Amino acid sequence: MNLLLLYPALALISTYAFLTGCSQEEPLTQALPTSPTYIAVARGRVDVEGGLLKLGVTREGIVTEIKVKEGDRVRKGQLLTTLDSELAGHAVSAALAEQLQIHLQAQQLERRYKLSDQKATRLAKAADAGASDGQSADDAREMAAQLHDELAKNRMDAETAKRNLATARYELAQRSLIAPVDAEVVRRLVQPGAAVSPQSGPAFILLPDQPQIVRAEINESLIGAVHLGMRAEVTDESGSGAFPLLAQVVRISAVLGNSTLEDDPQVRANMRTVECVLAFDDPAPESLRVGQRMLVRFGRQ
């Protein structure tokens, strides 16, 4: 073979390969500077401080009336449902009657004591002047002292009656379930006529009117990379393509525990994480739901 003819051919092949290789690598090289990098990525879920509010009854009874339905917005102090309250109402009436009786008795004792004290004073003066015997004055003073003691006992009875009335009214109030905060009724779990008790579980589940947050789980190997005030991007884990929401780390738990967001039970049991709470920069959109799974990317650079 003629080597003079072979060398130009080899040179031509090498030049072609070099140019082809450059054309293949050029797009990747250009893409690298624009690709976002993150310090940490974690799973999270949408929540509110304290979570959903589960309300149950505090007394046994029969549900007599339900004032709200699922989806209603309720205000703090609004009545949700009532239990049968006939016996509790009778207890309040009895306590009121007892208090009234003690009050009337106090008025009678006050009048009797005033008259007895005045009589004792007059007889004492008459005895000093020799116009009456001393025994009558002593008897009058004793009667006044007894009435004074009865008045003191009456005051103690009045305090007891006051407490009894307060207790009876409290028990009556416990037959009604009241909304403790402004909220939305997410679930209603009772029906009129149902027998319920404190052990029956929640009667209503409420979503409090509070700003939404994200609870993210940071793998223990990345704990040192996340800190308070760190910026993050939050997106729907389902890949819906929604625009990322901006958030900031406001709290990092001091407790290390097992993952609650990992789907694989075996991985969940072995994965150790720390909860990180993030607050949105702007109010969360209405489409965001409590419990929704999110992907949190920390510290874009």
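This is a predicted model: local features need pLDDT of at least 70, side-chain atom pairs count only at pLDDT 80 or more; totals for chains, interfaces and linings use all residues.
Residues are numbered from 1 along each chain as its sequence is written, and side-chain values use heavy atoms, with hydrogens and water left out.

Now the overall picture. The protein has four helices and 14 strands; these are DSSP runs numbered from the N terminus, H or I of at least four residues for helices and E of at least two for strands. Of the 301 residues, 27% are buried, where buried means under 20% relative accessible area, exposed over 50%, and partly exposed in between (1.4 Å probe, protein chains only). Among contacts with a separation of 6 or more, 76% are between residues 24 or more positions apart, a contact being heavy atoms within 4.5 Å.

On to the barrel. Six strands close into it in the order 1-10-13-12-11-14, with antiparallel pairing. Neighbouring strands of this sheet are turned by 40° against each other on average, direction ignored; axes are lines fitted to C-alpha atoms, for helices over the stretch in contact, and angles run from 0 to 180 degrees between N-to-C directions. Strands count as paired if DSSP finds at least two bridges between them. Strand 11 (residues 231-236) and strand 14 (residues 293-298) are joined by five bridges, and E233 has R297 in strand 14 as its bridge partner. R297 turns up again with I39: their C-alpha atoms are 7.7 Å apart, although 258 residues separate them along the chain. I39 sits in the loop between helix 1 (3-31) and strand 1 (40-48) and is partly exposed, at 35% relative accessible area.

Let's stop at R215, in strand 10 (residues 212-219). Is R215 buried or exposed? At 10% relative accessibility, R215 counts as buried. Its side chain makes a polar contact of 3.2 Å with that of E275; that term means a pair of N or O atoms within 3.5 Å, where within protein one must be able to donate a hydrogen and the other to accept it, and residues adjacent in sequence count only if both atoms are side-chain atoms. R215 also touches other residues, including R43, D47, R251 and L261.

Next, the open sheet: four strands in the order 6-5-3-8, again antiparallel. Strand 6 (176-178) and strand 8 (195-196) stand at the edges with a single partner strand each, so one side of each has no neighbour in the sheet. Strand 3 (residues 61-66) is joined to strand 8 by two bridges, and G61 pairs with V196.

Finally, helix 2. Its 44 residues (86-129) should span 64 Å at 1.5 Å a residue, and the end C-alpha atoms are 65 Å apart, which agrees; the expected span is 1.5 Å times one less than the number of residues. Buried residues in helix 2 include V92, I102, L109 and L123, and helix 3 (134-173) is part of what covers the buried ones. After helix 2 comes G130, with a positive phi near 80°.

Thanks, everyone!

Terms used: Lists of a residue's contacts leave out its neighbours within four places in sequence.
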